[in-house]
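This report describes the nonpolar core, the charged pairs and the overall architecture of one protein. The sequence and the structure are shown first.

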Amino acid sequence: MAKYLLLKHYRGGPTPLHDVPMDQWTPEEVSAHVQYMRDFAARLEDTGEFVEGQALSPEGTFVRYDGEGRPPVTDGPFAETKDLIAGWMVIDVDSYDRALELAGELSAAPGAGGKPLHEWLEVRPFLTEPPTISE
């Protein structure tokens with residue numbers, strides 16, 4: 001089994017096919033989307049492939065160390081250029097192909113008008129061992 005992180009983006013990735021921002025969806029469309037995500041996670045819990053997941057607020061702050069005794073810098077990248085993560089899910093699956101299969105299915109979550117979003121999801125494997133350094 002290998003763990004993968006499935007990242008959903010508010011922006012920063014390729015534009016989804018049905019690109020209507022969630023704040024323009026009806027309450028019923030938002031509920032249908034959230035229910036799809038819950039049902040997807042529940043099904044993966046049943047197969048033992050779901051580890052955890054969480055939706056994130058679109059607000060976020062970039063923070064950087066600015067030197068000893070100085071406060072952190074929070075004036076990061078311009079808001080219109082930031083990659084904003086909408087949420088994430090950790091899965092533990094038998095293969096990379098299975099991770100891609102599940103990400104493709106998650107991409108079909110309904111959006112405005114009940115149509116599948118066809119959103120791009122980022123699939124990132126967890127490191128299993130620290131990198132080997134040779135001198």
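## Nonpolar core

In this predicted model, the largest nonpolar core has 16 residues. Leu6, Met89 and Ile91 are the members with the most contacts inside the core. At least two core residues come from each of strand 1, helix 1 (27–47), strand 3 (84–93), helix 2 and strand 4 (121–125). In soluble globular proteins, nonpolar side chains tend to be buried together.

The surroundings of isoleucine 91 can be listed in detail. When residues up to four places away in sequence are not counted, isoleucine 91 touches Ala2, Lys3, Tyr4, Leu6, Leu44, Glu49, Val51, Ala99 and Leu102. Two of these neighbours, Tyr4 and Glu49, return in the sections below.

## Aromatic pair

A search of the whole structure finds 1 aromatic pair. The ring centres of tyrosine 4 and tyrosine 96 are 6.1 Å apart, and their planes stand at 50°, so the pair is classed as tilted; an angle under 30 degrees would count as stacked and one over 60 as edge-to-face. The pair links distant parts of the chain, since tyrosine 4 belongs to strand 1 (residues 2–11) and tyrosine 96 to helix 2 (residues 96–106), 92 residues apart.

The two partners can also be described by their accessibility. Tyrosine 4 has a relative accessible area of 8% and is buried, whereas tyrosine 96, at 45%, is partly exposed.

## Salt bridges

Side chains of opposite charge can pair when their charged atoms come close. The count of salt bridges in the model comes to 7. In one of them, the side chains of glutamate 49 and arginine 98 meet with an N to O distance of 2.8 Å. Arginine 98 has a relative accessibility of 19% and counts as buried because the limit is under 20%.

Arginine 98 also forms a salt bridge with glutamate 101, where the closest N and O atoms are 2.9 Å apart. These two residues are 3 residues apart in helix 2, and about one helical turn therefore separates them. Glutamate 101 is partly exposed, with a relative accessible area of 46%. Together, Glu49, Arg98 and Glu101 are linked in a network of salt bridges. A further salt bridge joins arginine 64 to aspartate 66, with 3.1 Å between the closest N and O atoms. Aspartate 66 is partly exposed, at 23% relative accessible area.

## Overall architecture

The protein contains 2 helices and 4 strands. From the N terminus on, these elements follow the order β-α-β-β-α-β. Among contacts between residues at least 6 apart in sequence, 78% join residues at least 24 apart.

Of the 135 residues of the protein, 27% count as buried. The accessible surface comes to about 9,400 Å², and carbon and sulfur atoms account for 55% of this area.

Key: Residues numbered from 1 in each chain as written. Predicted model: local features only at pLDDT ≥ 70, side-chain atom pairs only at ≥ 80, totals over all residues. Heavy atoms only, no water. Phe/Tyr/Trp six-rings, centres within 6.5 Å; stacked < 30°, edge-to-face > 60°. Buried < 20%, exposed > 50% of the residue type's maximum accessible area, 1.4 Å probe, protein only. Core = buried A, V, L, I, M, F, W, Y, C linked by side-chain atoms within 4.5 Å. Contact = heavy atoms within 4.5 Å. Areas by Shrake-Rupley, 256 points an atom, 1.4 Å probe, with all protein chains shown as cover. Salt bridge = Lys/Arg side-chain N within 4 Å of Asp/Glu carboxyl O.
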